[in-house]
Amino acid sequence: MRFLGIDYGTKRIGLAAGDSIAIATPLPAVLTENADKQDEAIGKVLRERGITEIIVGLPLNMDGSHGPAAQAVEAFAERIGRKFGLPIVFIDERLTSSVAELGMSQKELRALRASGVIDSRAAALILQDYLDQRFPPTLPELPE
């Protein structure tokens, strides 16, 4: 099984890949607002990496409700699910972008946001959350 994690945004779409080894790796972000070009770029990644499932971050409000951002993500996910025929799984992504930005200066943040690096780091966090749930780590047995 191979997974694509997505942090959807109207200007940038962060991407990350992972498999049953359960390690998410950021990929270059999609840097276009054009839906056809977004689909083309995502389709290329799906084919090249043999993706079997798409994990999409769902930006719920802090109270767990669906606001306009979550509705936009759901519409995007419906579009790509229909286009590529792959299963879509939603993962609560509250605060992932904030975590992806930790430890960076404002100057670094501006450049990294524009390049999509922050978005792909957020996608990796979303995917890693899913992988940790799907393939929980097992601890070695300690001698008694």
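Where is the place of Asp-119? Asp-119 sits in helix 5. I'll come back to that residue at the end.

First, the ground rules. This is a predicted model, where local features need pLDDT of at least 70 and side-chain atom pairs count only at pLDDT 80 or more, while totals for chains, interfaces and linings use all residues. Residues are numbered from 1 along each chain as its sequence is written, and side-chain values use heavy atoms, with hydrogens and water left out. Helices (H or I, at least four residues) and strands (E, at least two) are DSSP runs, numbered from the N terminus.

Strand 4 and strand 5 (residues 88–92) are parallel, with 5 bridges. Leu-58 stands opposite Asp-92 in strand 5. Between these two strands the chain passes through helix 2, and this β-α-β crossover is right-handed. That label means that, with the strands pointing away from the viewer, the path from the first strand over the helix to the second runs clockwise.

Now the antiparallel side. Strand 2 and strand 3 are joined by 4 bridges. Ile-13 has Val-30 in strand 3 as its bridge partner. Ala-16 stands opposite Pro-26, also in strand 3.

This hairpin has 5 residues between the strands, and one detail there is worth a look. Which phi does Ala-22 take? The value is near 75°, positive in a residue other than glycine. Most residues other than glycine have a negative phi. Ala-22 belongs to the loop between strand 2 (13–19) and strand 3 (25–30). With 14% relative accessibility, Ala-22 counts as buried. The cut-offs: buried is under 20% relative accessible area, exposed over 50%, partly exposed in between, with a 1.4 Å probe and protein chains only.

On to the helices over the sheet.

Next, packing. A nonpolar core is a set of buried Ala, Val, Leu, Ile, Met, Phe, Trp, Tyr and Cys residues joined through side-chain atoms within 4.5 Å. The largest one has 21 residues. Among the members that touch the most others are Leu-4, Ile-6, Leu-15 and Phe-76. Strands 1, 2, 3 and 4 (53–58), helix 1 (35–49) and helix 2 (68–84) each supply at least two residues. Helix 2 gives the most, with 5 residues. A second, separate core of 12 residues includes Ala-24, Ile-55, Ala-123 and Tyr-130.

Leu-15 has contacts (heavy atoms within 4.5 Å) including Leu-4, Ile-6, Val-45 and Ala-123, not counting residues up to four places away in sequence.

Now the rings. There are 3 aromatic pairs. Rings of Phe, Tyr and Trp (its six-membered ring) pair if their centres lie within 6.5 Å; planes under 30 degrees apart count as stacked, over 60 as edge-to-face and the rest as tilted. Phe-3 and Tyr-130 are edge-to-face, 5.6 Å centre to centre, with 65° between the planes. Phe-3 is in strand 1 (residues 2–7) and Tyr-130 in helix 5 (residues 117–134), so this pair ties together parts 127 residues apart in sequence. Phe-3 is buried at 0% relative accessible area. Tyr-130 is buried at 8%. Phe-3 also pairs edge-to-face with Phe-135, at 6.1 Å and 65°. Phe-135 lies in the segment after helix 5, so that pair spans 132 residues in sequence. Phe-135 is partly exposed, at 25%. Phe-3, Tyr-130 and Phe-135 form one aromatic cluster.

Back to Asp-119. Is it buried or exposed? Asp-119 is buried, with a relative accessible area of 12%. Asp-119 touches Asp-7, Arg-12, Ile-13, Gly-14 and Arg-113, leaving aside residues up to four places away in sequence.

Methods:
Pairing = 2+ DSSP bridges.
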